[in-house]
Amino acid sequence: MLKEERQQKIIDILNIEQKVIASDLSQRFNVSEDTIRRDLKELDSQGMLKRVHSGALRVGPPITDFSYRETVDSEIKKALAHKALPFLKEDSVIIIDGSTTNLALVKEIPHDFRATIITNSPPIAVELAQHAQVEVINIGGIFYKQSMINLGVETYKNLQNIRADLYVMGIYNIDIDAGTSVPTLQEAEIKQQMTRVSTEVLGMITNDKFGTISNAIVGPVDDLSFLISEDIPEKVRKEYNKKKLLLID
C-alpha cells in the first residue's frame, strides 16, 4: 500500500471512529508503529488531524470570522438554544462568553427575563440591550476581533470578583479524554476562570465537535454540568453517560 493511500485510510478511520491509536493502526496496516507515527506527524503538519499521546484526534471545525460562523448551522444553533433556555433561571447571575451558539441563545431569551448577565462578548452585550430587566456587565479587556471577545489580564482580574450561578461556555472542541479546548491559551485561561467562579457550567455543541481537539486545553469534560447537542452518536452517548455531566439530546 502506498503511503498516500495509507494516510487517506487513516483519515477515513479517524472520521468514523473519532480517534485512532498508533498501535492499532500498526496492526491494521501491517506496518511498524514508527511508520504510523511518521504518517500521523505528516498529517498533523497538513492540518488533517491533531496528534496526541498514543495516536490522534480529529481537528475541530476551521477557525473563521464570527460573522461567517453566525451563518453556519443557524437553525441547529437555534434548536440548541431552545433546549438551553430552561437552565437560565430568573434572578440569577449568569456568565455567557462569546460564541455564535451563545449569541443564538441570547436572542431567544424572553424580553421580560430578569437576571444579571456577565459577558466578555460585545455582540452578546449589545443583543442584551433589548432586555430591560437584565443587568448587563460587559467585562473589558483586549478585543480579539476574530471571535469578537475581550481577553487578557483585565478580563481575568474582573472575573476574580464575581460569583455566578451558571456559566454558559462557548465550546470550540471537546473530547472525552482531552476535555474542552480552544485555539489560544489566552481564551483557555479566561474560560478556566469563568468555570472556577461558577456553580454550574452549561455547554452547547453541534455534533461535529465531538472527538475534536485544539491547541489549548480548558479542562476536563467533568467541568461541565450540562452538555446539549443534537443527533448524538450512540458510541458518544455511552462514553459521556459515564461522566458526571448531564448529556441532553
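I count angles under 35 degrees as roughly parallel, over 145 as roughly antiparallel, 65 to 115 as roughly perpendicular and the rest as oblique. The model is predicted, so I took local features only at pLDDT of at least 70 and side-chain atom pairs only at pLDDT 80 or more, while totals for chains, interfaces and linings use all residues. Residues are numbered from 1 along each chain as its sequence is written, and side-chain values use heavy atoms, with hydrogens and water left out.

**Helices near the start of the numbering**

I took helices (H or I, at least four residues) and strands (E, at least two) as DSSP runs, numbered from the N terminus. Axes are lines fitted to C-alpha atoms, for helices over the stretch in contact, and angles run from 0 to 180 degrees between N-to-C directions.

I looked up helix H2 (residues 22-29) against helix H3 (residues 33-45): their axes come within 8 Å and cross at roughly 110°. H2 and H3 are therefore roughly perpendicular to each other. For contact I used heavy atoms within 4.5 Å. H2 contributes Ala 22, Ser 23, Leu 25, Ser 26 and Phe 29, and H3 contributes Glu 33, Ile 36 and Leu 40. I sorted residues into nonpolar (Ala, Val, Leu, Ile, Met, Phe, Trp, Tyr, Cys and Pro), charged (Asp, Glu, Lys and Arg) and polar (the others, Gly among them). The contact of H2 with H3 has five nonpolar, two polar and one charged.

Next I checked helix H1 (residues 3-17), which packs with H3 at an angle of about 75°, the axes 10 Å apart. That makes H1 roughly perpendicular to H3. Lys 3, Arg 6, Gln 7, Ile 10 and Ile 11 of H1 meet Thr 35, Ile 36, Asp 39, Leu 40, Glu 42 and Leu 43 of H3. By class I noted five nonpolar, two polar and four charged residues in the contact of H1 with H3.

**Strands**

Two strands pair if DSSP finds at least two bridges between them. I found an open sheet of three strands in the order E10-E11-E14, with antiparallel pairing. Strand E10 (173-175) and strand E14 (216-219) each have a single partner strand, so one side of each is left without a neighbour in the sheet. Neighbouring strands of this sheet are turned by 35° against each other on average, direction ignored.

Three bridges join E11 (residues 179-182) to E14, and Val 182 has Ala 216 in E14 as its bridge partner. Helix H9 (residues 185-196) packs on the sheet and touches E11 and E14; its direction makes about 5° with that of E14.

I also looked up strand E5 (residues 115-119) and strand E6 (residues 134-138), which pair in the parallel sense over five bridges.
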